[in-house]
Amino acid sequence: MTQTDYKEIASAKRAERDTHLIKEWLIPEDKLPKDKDVLRFPVESGYLTDKEIEITELPANEIVEKIKAKEYTSLEVTKAFVHRSQIAHQLCNCLSEIFFDKAFARAKELDEYYEKTGKTVGPFHGLPISLKDNINVKGEATTIGFVDYCFNPKGGMEESSIVAQMCENLGGVFYAKTNVPVAMMMPESKNHVYGATTNPFNRLLSAGGSSGGTAAHAALKGSCIDIGSDIGGSIRIPASFNGLYALRPTYGRYPTYGTRSGLPGLESVSSVNGPLCASLESLEFYLKTIANADPSLVDPKTSYQPWRDIKLPETLNIAILADDGYIKPTPPIKRGIETVKEALIKAGHDVIEWDPQEHYRLQQIISEFFVSDGGKHVLAVTEKTGEPLFPYMENYGTSKEIGVSALWDLHAERTALAKKFLDRWMATSAVTKNGKPIDCIIAPTTPFPGNPLDKWGDYG
């Protein structure tokens, strides 16, 4: 294959995606804003109706209640979010796969079912939910940023991932998937298929990665629940860049089976799916609903952990990590951490410092895990079309495969460091005022609040 081939395939895929946009809702190029900050454009531009704004500004739990009370129909809600989603995409290039027509058909079916039976399908009845590109939806493509996956398999994926199946069985409506970096292994959401997703707060900045399309879409309220994934910061980084509520759940609590991976078979470090939302209510509603639906019945690597309502004590023990000792946080991050620390102390919480003894080596180990196959899985896909590696992924083309013995040694070292970390956590009971260990560690997600496009690694 030649370089032209991968560009032609990518161009054909973008053209195919764009055929699914709704023409009458497209904003003419000359009417799109030139501003860097477009966060308020959807509600201030006049392109959304008052009713569409009302619907898309609500948290997920309230939307479902209003559908149940017949104040809204599922179709009405779906159209409102589709309209806002399309505007979000025009502003920040956040969508990969688009299937609005299927969403409208699904919403109509849900409305007809409710009208006929007087019952809702489930807790998500009629709720539009967007998915990160790696989450398979039957009949839709999952490129995860690879050119070779644009039309492979032909006709889209044969089965939906478990998390998608559960959301649909609970009444959810899917309408779009969101952009990611190649193989989901970069901290910015850019690939040769769809290009870069920008940050709605400042479009000269990255939306982060790998759930960057998810985060930009959520910040612009193209959905009230956007499902992303995280292996080494892929939910946390973009959530912090886009001012969102988000959670990287503990592995084994929420389903992961059936998603498409850029590093298939990697068991050394596990990816998890989790929500990114503009409201805390939507975040809790999603997490509670999926947990209580018992994913252990359909995903062999999950255990049943129903949602528990826990009453926290009035004061907590909190450790602060302001600096990991290797990469200095920028002034805005330092100021933010100090502001949080002062507020916690003022509120009566017991605040101590955390010493990052294991952090640097654990970071080295996870980086070794990512290329423990010598980059073969990534190279096998990119070489089929001649698509070049981005600078961030050069190590996938230069690393050497490590043997099983060396991999086992890394696993053993990782687990020993995790045990040391846990022991130090529990030992904080010796320095807290109430004699109990810390409840959490607060630390910067990144050294900066945002980075210019293609400049993630320039820390100097």
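Rings of Phe, Tyr and Trp (for Trp, its six-membered ring) pair if their centres lie within 6.5 Å; planes under 30 degrees apart make the pair stacked, over 60 edge-to-face, and the rest tilted. With that rule, a search of the whole structure turns up 11 aromatic pairs.

First, a bit of housekeeping. This is a predicted model, in which local features need pLDDT of at least 70 and side-chain atom pairs count only at pLDDT 80 or more, while totals for chains, interfaces and linings use all residues. Residues are numbered from 1 along each chain as its sequence is written, and side-chain values use heavy atoms, with hydrogens and water left out.

| Pair | Centre to centre | Angle of planes | Type |
|---|---|---|---|
| F241 and W456 | 6.2 Å | 50 degrees | tilted |
| W354 and F421 | 5.2 Å | 50 degrees | tilted |

F241 belongs to helix α9 (236–241) and W456 to the segment after β13 (440–442), so their pairing ties together parts that are 215 residues apart in sequence. (Helices are DSSP runs of H or I with at least four residues, strands are runs of E with at least two, and both are numbered from the N terminus.) F241 is buried at 5% relative accessible area, and W456 is buried too, at 12%. Buried here means under 20%, exposed over 50%, and partly exposed in between, using a 1.4 Å probe on protein chains only.

In the other pair, W354 sits in the loop between β12 (350–353) and α12 (359–370) and F421 in helix α15 (404–427), so parts 67 residues apart in sequence are tied together. W354 is buried at 6%, whereas F421 is partly exposed at 22%. Elsewhere, F124, F285 and Y286 make up one aromatic cluster.

Rings also meet charges. A charge sits over a ring if NZ of Lys or CZ of Arg is within 6 Å of the ring centre and within 35 degrees of the ring normal. K70 lies over the face of Y114, 5.3 Å from the ring centre, and R260 puts its charged end over the ring of Y149, 3.5 Å from the centre.

Then there's N93, in the loop between α5 (74–92) and β1 (95–98). N93 is buried, with a relative accessible area of 18%. Setting aside neighbours within four places in sequence, N93 is in contact (heavy atoms within 4.5 Å) with R17, A88, N179, Y194, G195, A196 and T197.
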